[in-house]
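This report describes a protein chain from its coordinates.

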Amino acid sequence: MSAAKQLITRLVMSFLSKTKDSGRPYTVIVEGNIGSGKTTFLQHFSKHRDVTVLAEPVDAWRNIKGNNLLSLLYEDPKKWSFTFQSYAQVTMLQNHTKQTLKPIKMIERSVYSARYCFVERLLRDGLLPAPSAAVLDHWFQWIIEHNLAEVDLVVYLRTTPEVVYERILKRKRPEERTVSMDYLKSLHDLHEEWLFHKTLHKCPAPTLVLNADLERSVIKAEFEKWEPQILNKGSAEAHAI
């Protein structure tokens with residue numbers, strides 16, 4: 001067993017022990033850039049009878065009392081960033097705290113990526129004023145301090161901006177029509193800093209990195225290859241950091 005494998009096994013077992021003691025499900029958050037294949041990943045694992053899948057609450061963002069906050073954000077990020085990120089943080093927290101009956105819970109994105117990638121990006125680009133970012137961060141720190149977003153494993157679907165840009169063009173979602181390559185590169189860099197190089201912020205749990213540039217016909221086999229690692233049901237070699 002490699003040193004990296006031994007390390008992640010020890011870390012995961014430590015987190016799992018705490019999970020059993022608290023009575024909460026073993027929790028996996030699935031992170032990655034726009035178009036990295038999170039939906040495909042979750043669809044694959046939703047077939048397991050002991051897994052509850054919680055998708056990113058996009059429908060809630062598209063319709064809060066008739067208002068499409070996601071569309072407003074893309075159209076005028078400087079005006080709507082604080083409003084959107086405030087609501088995104090609430091809806092993400094609802095996923096984290098949602099009671100489930102199955103022993104494993106998988107969440108698409110999290111309060112962590114909302115803060116570490118999306119809020120960080122808006123702040124760096126001058127689209128979110130520092131006082132607004134401070135308010136969001138205050139709420140985020142409160143969530144963490146009160147253990148409302150505990151995680152056992154992070155799966156990072158690692159992609160290149162060029163690949164996800166092509167996928168976005170093909171799927172033609174209305175809100176994404178203004179997404180630029182520069183925006184995707186910025187988000188990519190933040191995900192890399194946080195989950196791959198680990199130079200930005202703290203990871204909430206051991207991180208499993210998967211090559212999500214693979215074609216859809218191939219990536220499912222890759223998911224099956226790492227299922228024991230992801231579901232914590234046995235040993236498997238993995239690129240885990």
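The sections below treat the chain as a whole, then its sheet, its helix pairs and selected residues.

## Overall make-up

The model is predicted. Its protein chain contains eleven helices and five strands. The chain has 241 residues, and 50% of them count as buried.

Among contacts in the chain with a separation of 6 or more, 75% are between residues 24 or more positions apart.

## The sheet

The five strands form an open sheet in the order S2-S3-S1-S4-S5, and the pairing is parallel. The edges are taken by strand S2 (51-54) and by S5; each has a single partner strand, so one side of each has no neighbour in the sheet. On average, neighbouring strands of this sheet are turned by 20° against each other, direction ignored. Helix H5 (residues 77-97) packs on the sheet and touches S1, S2 and strand S3 (104-108). The direction of H5 makes about 165° with that of S3.

Strand S4 (residues 153-158) is mostly covered, with five of its six residues buried. S4 pairs with strand S1 (residues 26-31) in the parallel sense, over four bridges. Within this sheet, valine 28 has leucine 153 of S4 as its bridge partner. S4 also pairs in the parallel sense with strand S5 (residues 207-211), over five bridges. Here valine 155 stands opposite leucine 208 in S5. In a regular strand, side chains alternate between the two faces of the sheet.

How many of the eight residues of helix H2 are buried? The count is six for this helix (residues 38-45), so H2 is largely enclosed by the rest of the structure. The buried residues in H2 are Lys38, Thr40, Phe41, Leu42, His44 and Phe45.

H2 packs against helix H10 (residues 216-225) at an angle of about 50°, and their axes are 11 Å apart. The two helices are therefore oblique to each other. Their crossing is right-handed. On the H2 side, the contact is made by Thr40, Phe41, Gln43, His44 and Phe45. H10 contributes Arg216, Ile219, Lys220, Phe223 and Glu224.

## Threonine 40

Threonine 40 is located in helix H2. The relative accessibility of threonine 40 is 11%, so this residue counts as buried; the cut-off for buried is under 20%.

Which residues does threonine 40 touch, not counting those up to four places away in sequence? They are Arg216, Ile219, Lys220 and Phe223. One of these, arginine 216, is 176 residues apart from threonine 40 along the chain, while the C-alpha atoms of the two are separated by 8.1 Å.

## Helices H5 and H7

H5 also packs with helix H7 (residues 130-145), at an angle of about 5° and with the axes 10 Å apart. This makes H5 roughly parallel to H7, since angles under 35 degrees count as roughly parallel.

From H5, the residues that meet H7 are Phe82, Gln85, Ser86, Gln89 and Leu93. Their counterparts in H7 are Ser132, Val135, Leu136, Trp139, Phe140 and Ile143.

## Selected loop residues

Histidine 48 lies in the loop between H2 and S2. Is histidine 48 buried or exposed? At 19% relative accessibility, histidine 48 counts as buried, the cut-off being under 20%. Leaving out residues up to four places away in sequence, histidine 48 touches Glu227 and Leu231.

Two other loop residues have a positive phi. Asparagine 147 is not a glycine, yet its phi is positive at about 55°; asparagine 147 lies in the loop between H7 and S4. Histidine 201, also a residue other than glycine, has a positive phi near 65°. Histidine 201 lies in the loop between helix H9 (181-196) and S5. With 33% relative accessibility, histidine 201 counts as partly exposed.

Key:
Residues are numbered from 1 along each chain as its sequence is written. This is a predicted model: local features need pLDDT of at least 70, side-chain atom pairs count only at pLDDT 80 or more; totals for chains, interfaces and linings use all residues. Side-chain values use heavy atoms; hydrogens and water are left out. Buried means under 20% relative accessible area, exposed over 50%, partly exposed in between (1.4 Å probe, protein chains only). Contact means heavy atoms within 4.5 Å. Two strands pair if DSSP finds at least two bridges between them. Axes are lines fitted to C-alpha atoms, for helices over the stretch in contact, and angles run from 0 to 180 degrees between N-to-C directions. Angles under 35 degrees count as roughly parallel, over 145 as roughly antiparallel, 65 to 115 as roughly perpendicular and the rest as oblique. A crossing is left-handed if the near helix is turned anticlockwise from the far one by less than a right angle, and right-handed if clockwise.
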